[in-house]
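This briefing goes through one protein model, topic by topic. Please look over the sequence and the structure before reading on.

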Amino acid sequence: MKQLKSLLIAAALFIGVSQTVSAQAKVAHINVSELMTAMPEMKAANTQLEQISKTYDTQYKTMVQEFQAKIQKYGDEEATAGNAVNEARAKEVQDMQQRIQEYQQTATRELQDKQEAIYKPILEKSKNAIQKVARAKGYQYVLDSSTGSGVILADGPDLMADVKKELGF
């Protein structure tokens, strides 16, 4: 009787331990930054952003050149122009300088907005591929192992190769 009781307790403990082991979450990791950098869409997006940035930069440089030319011209004519003209020119130069600063701020903000808009579908595509691969492999959690993402150790399964295969590259 004692042996049967011990056997039942041992069986119950074994069943409890095996359920605990099977209840543990499966965790994998992937470097999302590396994945996105490798995606062909990202290269095209970066080229597009470079072109937009060059357009803004060209316009900014033109505005600065006009500003500098005006300052030079007004500086050369300052002695012969009257006080009223010099004051009007000083106001004009100040207004130009403010417009240049506003343009620079607006261009920076617009470039950031365009970058977000261009990168968003790429990020969504990579996220969907990661989720699809993770679910197919039975992972409940996938951590981003990019530098600075907070992952201290990434010794578990890396989904990079499988996600690249899912994306077709």
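Phe-169 counts as partly exposed because its relative accessibility is 33%, which falls between the 20% limit for buried and the 50% limit for exposed. The model is a predicted one.

**Phe-169 and its surroundings**
- Phe-169 is located in the segment that comes after helix 5, which covers residues 160-167.
- Apart from neighbours within four places in sequence, the contacts of Phe-169 are Leu-35, Ala-38, Met-39, Pro-40 and Lys-164.
- One of these residues, Pro-40, is 129 residues away from Phe-169 in sequence, yet the two C-alpha atoms are 8.4 Å apart in space.

**Overall fold**
- Five helices and two strands are found in the protein.
- Along the sequence, these elements come in the order α-β-α-α-α-β-α.
- The protein has 169 residues, and 21% of them are buried.
- When contacts between residues at least 6 apart in sequence are considered, 85% of them link residues at least 24 apart.
- The protein has an accessible surface of about 12,400 Å², and carbon and sulfur atoms account for 54% of that area.

**Helix 4**
- Helix 4 runs over residues 83-137 and contains 55 residues.
- From first C-alpha to last, helix 4 reaches 80 Å, close to the 81 Å expected at 1.5 Å a residue.
- A bend of about 30° occurs in helix 4 at Tyr-119, and the proline Pro-121 follows within four residues.

**Largest pocket**
- The largest pocket holds about 170 Å³ of space.
- Two elements, helix 4 and strand 2 (residues 141-144), each give two or more residues to the lining of this pocket.
- With five residues, helix 4 contributes the most to the lining.

Note on methods: Residues numbered from 1 in each chain as written. Predicted model: local features only at pLDDT ≥ 70, side-chain atom pairs only at ≥ 80, totals over all residues. Heavy atoms only, no water. Expected span 1.5 Å × (residues − 1). Bend = angle between axes of the 7 residues up to and from the residue. Buried < 20%, exposed > 50% of the residue type's maximum accessible area, 1.4 Å probe, protein only. Contact = heavy atoms within 4.5 Å. Areas by Shrake-Rupley, 256 points an atom, 1.4 Å probe, with all protein chains shown as cover. 1 Å grid on protein atoms, 1.4 Å probe; cavity = no way out; pocket = protein on both sides within 12 Å on 5 of 7 lines; lining within 4 Å. Points joined across faces, edges and corners; volume = space filled by probe spheres on them.
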